[in-house]
Amino acid sequence: MVQQIPVDPRARADDPERDASRDDATHEIAPDLAYRRLAIVNVAFLGRPMAGDRGWVLIDAGIPGTKSLIKDAGEARFGSGARPSAIVMTHGHFDHVGVLEDLAEEWDAPIYAHSLERPYLDGSASYPPADPSVGGGAMARLSPLYPTRPVDVSSRLLTLPADGSIPPMAGWRWIHTPGHAPGHVSFWREADRTLIVGDAFVTTAQESAYAVATQAPELHGPPMYLTIDWTAARDSVRTLAALKPERVVTGHGRPLQGPDMRRALDALAEDFDRVAVPEHGRYVRDPARPEDGSAYRHP
C-alpha cells in the first residue's frame, strides 16, 4: 500500500512570516480565512479580521481542552469579545466536537450540520467503533480509546439547507462527502476556488504520530481508523478533485494550494483504492452505512 501522494513543500498555502507579523495565533489562507492547529486537528475561522461580534464563523470545534485556544484566536483575529454568528460542522467525530457544547453555550451560537450527522450531535447515536487493524502507526493503534459517543447540542442544532447553501457563509455551498462519516460535508467557494474538506482527505498521515508531529505535506485519503465506508470515501474524493480547487484546507495537516496540489489530488482520486484503502480492516469488508442503520449505534 502506497498510502500517500507526495506534494512539493512549496505548495503550502500558509505563510509563516506573514502569520508571525499578525500574531493572532492563526495561519491565514485567504484574506477572510484562517485556521489554527490544535494538537492533532485544525479548526477554521471564516471572516475578515476585526469583523467584530457575530461577524465570523467557526468551522469545527477541536479536541477537548482547547476552548480557551479557540476563543483566544477568535478574539485576536476578530476583536475583543467577538462571538461567531454560527459554528458549522464538517462532521461530528471526537476531534471535531471536543469543545462544541461549551463554546455553543457560552457564545449562544447556532450549530449547522448535515441531516445524516444529526444523530451524533443530538445525543441519539454513537459512531461505529474505530478500527485499529488498518495499521499505519500509533494513532491507529490507539484508536479504540477515541470516544465515539455523541454530544448533545440538540437545542442549538440546525440542518444545512437541502439547496446546498450555508446560511452564515455567503458565497459558499456545502457538498455531501460521505465515507469518513455518513453526514460528512465539505465547503466550496467558487469565487476563489477555495475548498474546506474536513477529513474527506487529509494532508498528513493521520495514522502516524510521527507524521502528525512533522506535518510533511502529502495527500492522503481520510483517516483510516475512523472511515466506515470506503466506496463512498472514494466517490467523495473524486467529487472534490473534479472541482479543480486552487487551495484546500483539511482537518489534519497543512493547507495546500496550486498546481502541484491539484496534481496530487487528481492522483489520489484516480488511484484511491491503491493509495488510500487499507489492505485490512473491518469496514473494508463490511462498511457501516446509514441506509441499513449500521452507521448508528445505541450510545
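Biologist: Is D192 buried, partly exposed or exposed?
Modeller: This is a predicted model, in which local features need pLDDT of at least 70 and side-chain atom pairs count only at pLDDT 80 or more, while totals for chains, interfaces and linings use all residues. Residues are numbered from 1 along each chain as its sequence is written, and side-chain values use heavy atoms, leaving out hydrogens and water. Buried means under 20% relative accessible area, exposed over 50% and partly exposed in between (1.4 Å probe, protein chains only). D192 has 24% relative accessibility, so this residue counts as partly exposed.

Biologist: Which residue forms a salt bridge with D192?
Modeller: A salt bridge requires a side-chain nitrogen of Lys or Arg within 4 Å of a carboxyl oxygen of Asp or Glu. For D192, the closest N and O atoms of the pair are 3.5 Å apart.

Biologist: How many residues apart are D32 and R189?
Modeller: Their side chains meet in a salt bridge (2.7 Å, N to O), and both D32 and R189 are buried. Strands are DSSP runs (E, at least two residues), and helices are runs of H or I (at least four), numbered from the N terminus. D32 lies in the loop between β2 (27–30) and β3 (33–38) and R189 in strand β10 (residues 185–189), a separation of 157 residues.

Biologist: Which residues are linked with D32 and R189 in a network of salt bridges?
Modeller: The structure holds 19 salt bridges. The network that includes D32 and R189 also contains D192 and R247.
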